[in-house]
Amino acid sequence: MKEISELNLPEDVRYTPEHEWARPEEEHFAVGISDFAQDQLGDIVFVELPQVGDSFAKGEEFGTVESVKAVSELYMPLGGEVVALNGALEDSPELVNSEPYTAGWMIRIKSSDAAEADGLLSRTAYLELLKGIE
Amino acid sequence: MSAKDLKTTPLHDWHLARGANMGQFAGYDMPLWYPSGARSEHLAVLTCAGVFDTSHMAVLTVAGPDARSLLQRCLTKDLDRCLKAGAALAGGRSVYGAFLDRRGHVIDDAIVFQKGEDAFLVVVNAGMGAAIAAHLEQHAAGGRVSIGDLSDRIGKMDLQGPRAARILGRILEDAQSVLADLVYFAFKGAWRGEQPVVRPVRLTNGIPLLLSRTGYTGEFGFEMFMSPEDLQPVWDMLLEAGQPDGLLACGLAARDSLRAGAVLPLSHQDIGSWPYRYHPWEFALPFDERRTGFSKSFVGDRALLEIESPRYTRPFAGLDLRKVTGGGHSSVVDSEGRTIGTVLTCVTDSGIDRVGERIFSVSSPDKPAGFRPRGLCCGFVRVSSPLAAGQTILLQDKRRSIRVMIGDDIRPDRTARRSVRAMLDAKEESA
């Protein structure tokens, strides 16, 4: 298990208490799971994603991520419409383990309410939350 | 239970120092996987070897003139006929069975090792030492037998995989003679301070151990019992000796996925507080030749013969690797849409995959060129209808429904029963 000090927690994304992240891009947000989440799950063998065009509310389940041991839900960090999926995860789900914030992204969403992003956790706030879990 | 209340094994500091993801299992803080990952660990056991810390398991001693008759009365296996060709259990041999209550429900499963005429070891699951000792005491009342609980006083590690004998041979004194006739479910030696069975077994640095040709992965290998203070040096020695082959330390996640693919039950999950019948492990019941009764009487026998509405435990393998979460909230639905039971175990065996109609393993000699398994979900269902191999069913949990196929077996080409000779002679295969 990674020590908190070993976790990769970039500044350019916002986090949720459920360990997803959202990164603001030009018009959309990229979404994935944090380094802490992938480390806890272990080897990821399958990622089940929604369809492009599906819409979900903030906090709603949009898919699942499956390790050798268990299946875990993925929750929307922001409400909105799914505009793109990371097709590379179909053949290489392990990208979520190796590069959780870059090649291991999961979906891109068009946010329905950009103000929701303000409610997400900064790196500092997320780090505090992780310290509470340990 | 908080982490500080959990028990640990003597290798706990090593697990933490190596960055293992730890998890709670039967009251112990145990490694689930190391940074190499559960998938690599699972594959290492299929293609090379893995070593598992299994010191959380409990060991009992049963000794005295009435020891054998007590075990004969309590274990589901007939000790007088359980070896090949109906031979009786003898010194240096062990047997797998279960301890039942009068309702025929499983208290725990076990391996019983016969040391001498009146001396046995009983290895049960983590945290079950006291319960099984109490059960045996109860049925021993007045008998000339003493039962000792060595839980946490004996260390154990399992070296499993096709290269296990080759790796162990490098650190074993007199390796050729120790390993030569060590057949499946045979054992030799003893841990520190005990009289060796058959012959002494020592490592090249003099550490004595009890070496058994058993395991919980379905693959060739050994369980090694030793004094707790010997665990760390032996662990280090093994890892060093196996390093050129790619030997990996493995956690409980790989142990679980390997055993599920090998159709081995997890006690309290696949067998438990229900009658011990109609499951893939009926070889552990002492059926007579006509299969209408048993060749001996034992605790729980009558209840097993009087079951009115059977529940059947059947193995399954998925069409892909996706799983459901098993347990009380899961359900099994048959082809007519009827709910017929629940899912007991559902994990991914990442060493296997379907190619056409067949399941291949990474260790299948005839696997297709370029075979690179994504894994298949597999496990056990407990259902009210005796599903035949090849039937498909739906497994459901709160979020998904997956189609799986009942089979009599799951992972093909397992090595557990191969001879030491065959494994030592095996051609080098690329992992």
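Me: Where is B:Asp152 found?

Reply: B:Asp152 sits in the loop between β8 (146-149) and β9 (155-160) of chain B. Helices (H or I, at least four residues) and strands (E, at least two) are DSSP runs, numbered from the N terminus. This is a predicted model, in which local features need pLDDT of at least 70 and side-chain atom pairs count only at pLDDT 80 or more, while totals for chains, interfaces and linings use all residues. Residues are numbered from 1 along each chain as its sequence is written, and chains are lettered from A and ligands numbered from 1 in the order in which they are written.

Me: How does one describe a pair of helices?

Reply: Two packed helices are described by the angle between their axes and the distance between the axes. Axes are lines fitted to C-alpha atoms, for helices over the stretch in contact, and angles run from 0 to 180 degrees between N-to-C directions. In chain B, the axes of α5 (residues 164-171) and α7 (residues 228-242) come within 9 Å and cross at roughly 115 degrees.

Me: Which residues of α5(B) and α7(B) meet?

Reply: Two residues are in contact if their C-beta atoms, placed from the backbone, lie within 7 Å. From α5(B), B:Ile167, B:Arg170 and B:Ile171 meet B:Met237, B:Leu238, B:Ala241 and B:Gly242 of α7(B). This contact has five nonpolar, one polar and one charged residues; Ala, Val, Leu, Ile, Met, Phe, Trp, Tyr, Cys and Pro count as nonpolar, Asp, Glu, Lys and Arg as charged, and the others, Gly among them, as polar.

Me: What domains does the assignment give for chain B?

Reply: Domain bounds come from an automatic or database domain assignment. For chain B it gives domain 1 (3-55 + 153-259), domain 2 (57-143 + 275-308) and domain 3 (311-415). The contact between domain 1 and domain 3 of chain B takes 11 residues from each. On the domain 1 side, α2(B) gives the most, with five residues.

Me: How many residues does each chain give to the contact of chain B with chain A?

Reply: Chain B gives 20 residues and chain A gives 11 residues. The chain B side divides into eight nonpolar, eight polar and four charged residues.
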